[in-house]
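The model is predicted.

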Amino acid sequence: MVEWFAVGGAVRDMLLGRGFNDVDFSFRGSAKDFLQCFPSARNTGRAFPIWLSSGVEYTELEDNWEADFAARDLTINACAMDAEGSLYAHPCFAEDMRNRILRLASPHSIQDDPLRIFRIARFYAAMPEFCIAPETLHAMRQFASASRAEIAAIPKERVARELMRALSAPKPSNFLAALLLTDCLDPWFEEHARAASITAGPQPWHDNTVLEHTMQVMDRCAGHPLAVWMALCHDLGKVLTRPEDLPHHYGHEKTGADLARNLGERLGMPSRYIRASVVGTLCHMKGGVYGSLRAGTRRDLLVLVKNAGIMHDFWLLAGADGNVDWEPAALQDLQAMESVHLPKEWQGKGEESGRRLRNMQCEVMSRLPKPMPRKLRGA
């Protein structure tokens, strides 16, 4: 006989009154009994069985609830509901749900799976109304101090998966905040660890560190995962500034492009994200002063951003970084630029055709009224 349960996040979110998309299912019974219900299911797990059938995953529960819940990551995820609606949960589940606390399900939770450091950070970003329990922060900090090599050995795909979820969270900066607080930024986010002690720039434009500024820009882009990722990368070049040049960061957008690419490749991020971070890092300073640029520079910037497929996300980044929205002006320029077509006699002449088209586009843009920004709310 097989008993069926909904487990983990879906149960938690239902009790919190939050929406949810995915439901995780578990069962109690033998694998033989399970396969009688789902004969085409296949085991995709390694350390323990994870059965996949028609795109739905099913896991086997431990023989007793205490052992099963202790094996989970957080107390608020250590819960199950049976087909009749009866709830089974970790002893701290109700109290931690009520008090909005993220707490490890057991003292050895991180040792069992070091990825849980990044899962805690991701949940802190996704559920900013929750706080991380002091003993959980201590456990993260202690593990990072004693077992950093184990953190480095986590497969990059698993770290990237947690980061991608954090990028979609309502307060994405909490992902970095949790890692900073527990000394867990290094090695996966080593540039951000260094950014925590470097001034973001001269006053009156900046009065915080590079990391604090990065986190602010990330939160201003919340709701747009690609823009949040670009924000996370946009000032990486500042960690390479020579001490004698501080508080200025001359040319940081150029030095930062390689660092953005390196970070994306280190994490195994999608190619679209890596390309966006490189272009966003290279161009964000120009984006922030768009209206002061010459027509030719604006034209080249628009071509680069459009070809990278990041037109809206780039202007979100530039606006979040500089508190001014240039997107309407940029779109007006883009429309004028794309209305230009080469006469037939100038077509098919290779580089010469390209030069002539660019000159025509710049001329049309130069005839438009001077670009004016739209002030962002609260800026």
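Aspartate 183 is partly exposed, at a relative accessible area of 46%. That class applies because the value falls between the 20% and 50% cut-offs. Aspartate 183 sits in the loop between α10 and α11. Its phi is positive, about 60°, although aspartate 183 is not a glycine. Most residues other than glycine have a negative phi.

Asparagine 323 also has a positive phi, near 65°, and is a residue other than glycine. Its place is the loop between α17 (311–322) and β10 (324–325). With 30% relative accessibility, asparagine 323 counts as partly exposed.

**Cis peptide bonds**

Most peptide bonds are trans. Which residues does a cis bond join, with omega of about 15°? They are aspartate 186 and proline 187. Proline 187 lies in the loop between α10 (173–181) and α11 (190–195). Aspartate 183 is placed in the loop between α10 and α11 as well.

A cis peptide bond also joins leucine 246 and proline 247, with omega about 10°. Proline 247 belongs to the loop between α13 (225–233) and α14 (252–267).

**Cysteines**

How many disulfides does the count give? The count is zero. A disulfide would need two cysteine sulfur atoms within 2.5 Å. For cysteine 131, the closest cysteine sulfur is that of cysteine 92, 14 Å away, so the gap is too far for a bond. Cysteine 362 is in no disulfide either, as its nearest cysteine sulfur, in cysteine 283, is 16 Å away.

Is cysteine 362 buried or exposed? Cysteine 362 is buried, because its relative accessibility is 12%, and the cut-off for buried is under 20%. Cysteine 131, at 40% relative accessibility, counts as partly exposed.

**Surface patch**

Met14, Leu15, Phe20 and Leu87 form a nonpolar patch on the surface. Together they have about 340 Å² of accessible area. Methionine 14 lies in helix α1, residues 9–16. At 40% relative accessibility, methionine 14 counts as partly exposed.

**Accessibility at a glance**

| Residue | Relative accessibility | Class |
|---|---|---|
| Aspartate 183 | 46% | partly exposed |
| Asparagine 323 | 30% | partly exposed |
| Cysteine 131 | 40% | partly exposed |
| Cysteine 362 | 12% | buried |

Notes: Residues numbered from 1 in each chain as written. Predicted model: local features only at pLDDT ≥ 70, side-chain atom pairs only at ≥ 80, totals over all residues. Heavy atoms only, no water. Buried < 20%, exposed > 50% of the residue type's maximum accessible area, 1.4 Å probe, protein only. Patch = residues over 30% accessible without salt bridge, like charges linked within 9 Å, V, L, I, M, F, W, Y side chains within 5 Å. Areas by Shrake-Rupley, 256 points an atom, 1.4 Å probe, with all protein chains shown as cover. Salt bridge = Lys/Arg side-chain N within 4 Å of Asp/Glu carboxyl O. Helix = DSSP H or I, 4+ residues; strand = E, 2+ residues; numbered from the N terminus.
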